[in-house]
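Hi everyone, thanks for making time this morning. I'd like to walk you through one structure, so please have a look at it with me.

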Amino acid sequence: MVHMVLVSTLPRASGVALGPIFACSARRTFFTSSSRLNSLKTKKANEESGTGTEGFHRRDLATETPADLPTVSKVVGGNAVKGDWVLFHPVYTADELKAVEIVHNKATTFSDKIAHGLVTYTRKLFDLVSGYKHQEHVPSNATLEELQKKGYIMNENQWFNRILFLETIAGVPGMVAATVRHLRSLRLMQRDSGWIHTLLEEAENERMHLMTFMALKKPSIFLRMLVLGAQGVYYNMFFLGYLISPKLCHRFVGYLEEEAVITYTRCIQEIEAGRLPAWENEPAPEIAKDYWRLKPDAKLLDVLYAVRSDESTHRFVNHSLANLNLKTDTNPFALREPDMHVKGRKVAFERDEAAQYVEESHRMLSERRTE
């Protein structure tokens with residue numbers, strides 16, 4: 001199966017990825033700037049394919065040189081070695097970042113209700129451990145210090161601890177699910193219909209969230225111990241759960257990502273309302289600028305918008321996967337993904353929509369091959 005990569009039509013400094021282009025690739029990788037791929041004759045394809053993160057993402061390796069690829073340097077044996085360092089992931093347009101909405105998948109089946117109940121319980125426990133506080137109605141005549149002291153809002157340190165704890169847990173399900181499906185593929189000696197790559201991409205994307213926030217501040221020993229204990233329990237429980245009911249586990253992650261979207265939406269609102277003054281002008285970490293192709297002068301707020309968009313992608317993907325037959329159905333996101341105007345506002349693909357999306361993807365790929 002041919003895998004894809006979205007290539008921006010703007011320089012990296014532009015901060016957005018517009019106009020996916022088409023060029024052959026033998027593997028799935030990450031986004032890059034077309035200013036570094038001028039040797040590719042793809043202007044016509046750019047104009048035809050529109051804008052945003054939706055579409056096939058291919059690259060012609062025959063026309064590339066190592067200098068064309070975004071790289072990270074590593075010293076091996078005293079020599080600097082350059083190589084790619086992340087899997088496929090979206091880079092969003094400014095319009096897409098604003099397209100995310102809080103949506104909810106209504107629990108109708110018994111399995112869905114169990115998944116939603118587990119997330120509700122987990123959310124309450126997580127709120128307690130992280131000291132999370134959120135009030136819909138905040139007194140307008142109180143000072144910032146009074147609001148924090150009375151528990152109406154959280155300060156930057158409390159938000160940091162919550163986000164850090166959230167991301168250490170969020171990176172577990174994708175890796176566990178990919179591992180189980182990988183072992184199943186080996187055991188049955190069958191292909192996996194494109195599921196493993198998407199799950200690995202999700203796991204790495206969540207890990208990159210953690211690496212980004214770690215660049216802001218180092219966690220306390222107490223938080224590290226909490227993470228160690230929580231990860232040990234959560235990994236093993238999710239592993240056993242995925243062996244028993246993968247559908248329930250994907251629905252569970254879908255509901256968990258719904259909560260993540262809510263959390264980041266509230267954090268964004270707090271910054272924009274001036275209640276997190278230390279974060280208002282906080283520069284985006286360099287790792288975030290490189291990962292999401294942000295502007296050189298990007299702020300932490302820009303990072304939070306990108307992270308929220310990632311979480312809405314995971315929400316959409318996992319709810320969609322939970323609607324499929326996990327043994328026989330093809331992963332509709334193996335070749336391409338919808339843009340954020342779909343993933344940010346629609347809760348999931350139903351099974352028939354997913355099948356239609358797969359057919360459309362193969363038709364588009366076939367048409368591209370004949371050009």
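Let me start with a term: helices (H or I, at least four residues) and strands (E, at least two) are DSSP runs, numbered from the N terminus. Counted that way, the chain has 14 helices and four strands. Please keep in mind that this is a predicted model, where local features need pLDDT of at least 70, side-chain atom pairs count only at pLDDT 80 or more, and totals for chains, interfaces and linings use all residues. Residues are numbered from 1 along each chain as its sequence is written, and side-chain values use heavy atoms, with hydrogens and water left out.

How confident is the predictor? Its confidence in each residue is the pLDDT, from 0 to 100. The mean for the chain is 78, and 74% of the residues reach 70 or more. Over residues 1-83 the pLDDT is below 50, and this stretch has 218 contacts beyond near neighbours in sequence in the model; contact means heavy atoms within 4.5 Å.

Now for the inside. Of the 371 residues in the chain, 51% are buried, meaning under 20% relative accessible area, with exposed over 50% and partly exposed in between (1.4 Å probe, protein chains only). Among contacts between residues at least 6 apart in sequence, 78% join residues at least 24 apart.

Which residues touch the most other members of the largest nonpolar core? They are F213, W292 and L304, in a core of 71 residues. Such a core is a set of buried Ala, Val, Leu, Ile, Met, Phe, Trp, Tyr and Cys residues joined through side-chain atoms within 4.5 Å. Helix 9 (residues 246-272) gives the largest share of this core, with twelve residues. Setting aside neighbours within four places in sequence, W292 is in contact with P90, V91, Y92, H209, T212, V303, A306, V307 and D310.

Is A298 buried or exposed? A298 is buried, because its relative accessible area is 5%. Beyond four places in sequence, A298 contacts P283, A284 and K289. The C-alpha atoms of A298 and A284 are 5.5 Å apart, although 14 residues separate the two along the chain.

Finally, an annotation. An unreviewed UniProt entry places a "transmembrane region" at residues 221-244; UniProt positions are in the numbering used here, feature names are shortened, and annotations may be inferred rather than shown by experiment. In the model, residues 221-244 are 100% helix and 0% strand, with the end C-alpha atoms 35 Å apart.

Methods: pLDDT = per-residue confidence, 0-100.
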